[in-house]
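The exercises below are to be worked with the sequence and the model side by side. Each task is followed by a solution in steps.

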Amino acid sequence: KKLQTTVSELKLERENTKITESYRIGLTPVSTGEFIYLNAIMFPEYKSNPFKSSERKLPIEFNHPQTSRIDCVIKVPQGYTIEEMPKSTAVQACNGDMNIRFIANANNGAIQISYTVTINRIIYAPEEYPDISTFFAKIMELSGQQIVLKKQAAGQ
């Protein structure tokens, strides 16, 4: 079975150099019986770490300073409980010029995820490469985290 997806409430706003894209996505997960598995970050920005080499001799250059933010609310289906959920975390690199903030909370039958990645500079020196590589490795680690929902036993 495939995951059923619907997109609604698509909005694109531009204010000076800031572009905000927002939309509502409805997913109907496919249950594997007793459990439902969901990626905590459903639409990761990076598919792999672009900084895997052991060293770098040239500066690292990004197109522009950037902030990417994903806010997500997942409604826990009736008859399921949260079995496993990622822990909130914050990471800084390059003297605070790169930041990750991942917040996961559960209450009232819903899981709220807020994920923000900020890159404040365009150019980073080759000496900062180990910090950048570790930073992007953490992004990949967060992208792989899962939420596990467990079907409640009958009568609970």
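The model is predicted.

**Exercise 1. Classify Tyr23 as buried, partly exposed or exposed, and place it in its strand and surface patch.**

Step 1. Tyr23 has a relative accessible area of 40%. Buried means under 20% and exposed means over 50%, so Tyr23 is partly exposed.

Step 2. The residue belongs to strand 2, residues 18-28.

**Exercise 2. Trace the pairing of strand 8 with strand 7 and strand 9, using Arg101 as the reference residue.**

Step 1. Strand 7 (residues 89-93) and strand 8 (residues 98-107) run antiparallel and are joined by five bridges.

Step 2. Strand 8 also runs antiparallel to strand 9 (residues 110-119), with ten bridges between them.

Step 3. Arg101 in strand 8 stands opposite Ala90. In strand 9, Arg101 has Thr116 as its bridge partner.

Step 4. Next come the turns. The hairpin of strands 7 and 8 has four residues between the strands, and Cys94 there takes a positive phi near 50°. Two residues lie between strands 8 and 9 in their hairpin, where Asn108 in the turn has a positive phi of about 50°.

**Exercise 3. Count the disulfides and decide whether Cys72 and Cys94 are buried or exposed.**

Step 1. A disulfide is a covalent bond between the sulfur atoms of two cysteines. The cut-off to apply is a sulfur pair within 2.5 Å.

Step 2. With this cut-off, the count is zero disulfides.

Step 3. The limit for buried is under 20% relative accessible area. Cys72, at 18%, is therefore buried. Cys94, at 3%, is buried as well.

**Exercise 4. Count the aromatic pairs, then assign the geometry of Phe135 and Phe136.**

Step 1. A pair of aromatic rings is described by the distance of the centres and the angle of the planes. Centres must lie within 6.5 Å, and the model has eight aromatic pairs by that rule.

Step 2. The ring centres of Phe135 and Phe136 are 5.6 Å apart, with the planes at 75°. Angles over 60 degrees count as edge-to-face, so this pair is edge-to-face.

Step 3. Relative accessible area is 1% for Phe135, which is buried. Phe136 is also buried, at 0%.

Step 4. Phe135 and Phe136 belong to one aromatic cluster with Phe51, Phe62, Tyr124 and Tyr129.

Terms used: Residues are numbered from 1 along each chain as its sequence is written. This is a predicted model: local features need pLDDT of at least 70, side-chain atom pairs count only at pLDDT 80 or more; totals for chains, interfaces and linings use all residues. Side-chain values use heavy atoms; hydrogens and water are left out. Buried means under 20% relative accessible area, exposed over 50%, partly exposed in between (1.4 Å probe, protein chains only). Two strands pair if DSSP finds at least two bridges between them. Rings of Phe, Tyr and Trp (its six-membered ring) pair if their centres lie within 6.5 Å; planes under 30 degrees apart count as stacked, over 60 as edge-to-face and the rest as tilted.
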